[in-house]
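Subject: Structure handover

Hello,

Here is the structure we spoke about, with the sequence alongside. My notes on what was found follow below it.

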Amino acid sequence: MAVIEVEGLRKEYHAASGRVSVAVDGLDLSVPAGGVFGFLGPNGSGKTTTIRCLLGLVRPTTGALHLLGADVRHDLGTVMSRVGSVVETPLLFPSFSGRRNLELLARVDGISRRRVADTLERVGLAGRERNLVRTYSLGMRQRLGLAAALLKDPALLILDEPANGLDPAGIVEIRELVRSMGAEGRTVFVSSHLLGEVQQMCDRVAILARGKLITQGRVDEVLAQGHRGGLVVRVDELERAAQVLRAAGLDATLVDYSIHVMPAPDDAAQVSEVLAKAQLYVRELRPDAVDLETVFLELTGGQRGEVTR
């Protein structure tokens, strides 16, 4: 059974002027149990709106949504004890310690102090839990938000841009934490504009554009939709090497500090031989692998997912 099911989700916003804007337009989505699922899309594609609809924070215009088998419109309360979430910036009391923040949340749900301590250890805040939250770095606040989401030991975690605003070290910390949570058997549904991170972190992805689903599947399946291929060649005399390759009938294009050659990757021997005969010796010769950013830009028509709505 899918842990998240969305059928025909549409969300309209009506302005006082009478203008209607559509944030999500007929979205169908299915998220299987276990692992990390990436939710990607350019600015304004509807990712955060979809998450808010799933969590009952926004009422959809039309469509059906289910979390852990429960109808979000009518039965969300029956499964929320098994769902943890961080939507945008975690809401924390800055004048309380990290531990005190979690203890207040735990008291509401009848969760033990032992669980609070274990969760702080789990997110790497043991030793800093008694410091006031206002002294925390952004990365520490994000980890405390994740700790709050983990207190209930949820089967499903929904995270909206968990690495947003972090420095490279903080991004790596959050990536490893999210991957480890998915490896525990939980389902982690994470929206992000950091495409390289998603490629390293997620098992499956869905890509949105203009409120519609463009594609979804395993990361390797989505990468296979990319149109790039061929070979990347690096030599000392790039322009002369490109001319030599073209003279041999090969499609060679200068790209940054390398040459992109369009024969199939198994023709690498021919490229090397042609260059060697011209006394041009290869420093690097490898397949031009497709990354998630390339596929993302192709599928969304060149839109960049820098900020999500």
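To begin with the cysteines: C202 has a relative accessible area of 7%, which is under the 20% cut-off, so C202 counts as buried. C53 is buried too, at 1% relative accessibility. The number of disulfides in the structure is 0. As a reminder, a disulfide is a covalent bond that links the sulfur atoms of two cysteines. Please keep in mind throughout that this is a predicted model.

Next, strand 3, which covers residues 35–40. Of its 6 residues, 6 are buried, so strand 3 is largely enclosed by the rest of the structure. In general, side chains in a regular strand alternate between the two faces of the sheet. In strand 3, one set, made up of G35, F37 and F39, points one way, while V36, G38 and L40 point the other way. Both sets are buried.

Which strands pair with strand 3? One is strand 8 (residues 187–191), which runs parallel to strand 3 and is joined to it by 5 bridges. Within that pairing, G38 has V190 of strand 8 as its bridge partner. Another is strand 9 (residues 204–209), also paired with strand 3 in the parallel sense, over 4 bridges. There, I207 of strand 9 stands opposite L40.

The crossing is right-handed. Helix 9 contributes A241, V244 and L245 to the contact, and helix 10 contributes V271, V274 and L275. Sorted by class, the contact consists of 6 nonpolar residues, with no polar and no charged ones.

Is R175 buried or exposed? Its relative accessible area is 12%, and because buried means under 20%, R175 falls in the buried class. Leaving aside residues up to four places away in sequence, R175 touches E197, Q200 and M201.

Regards

Note on methods. Residues numbered from 1 in each chain as written. Predicted model: local features only at pLDDT ≥ 70, side-chain atom pairs only at ≥ 80, totals over all residues. Heavy atoms only, no water. Buried < 20%, exposed > 50% of the residue type's maximum accessible area, 1.4 Å probe, protein only. Contact = heavy atoms within 4.5 Å. Left-handed = near helix turned anticlockwise from the far one by under 90°. Helix = DSSP H or I, 4+ residues; strand = E, 2+ residues; numbered from the N terminus. Nonpolar A, V, L, I, M, F, W, Y, C, P; charged D, E, K, R; others polar. Pairing = 2+ DSSP bridges. Disulfide = S-S within 2.5 Å.
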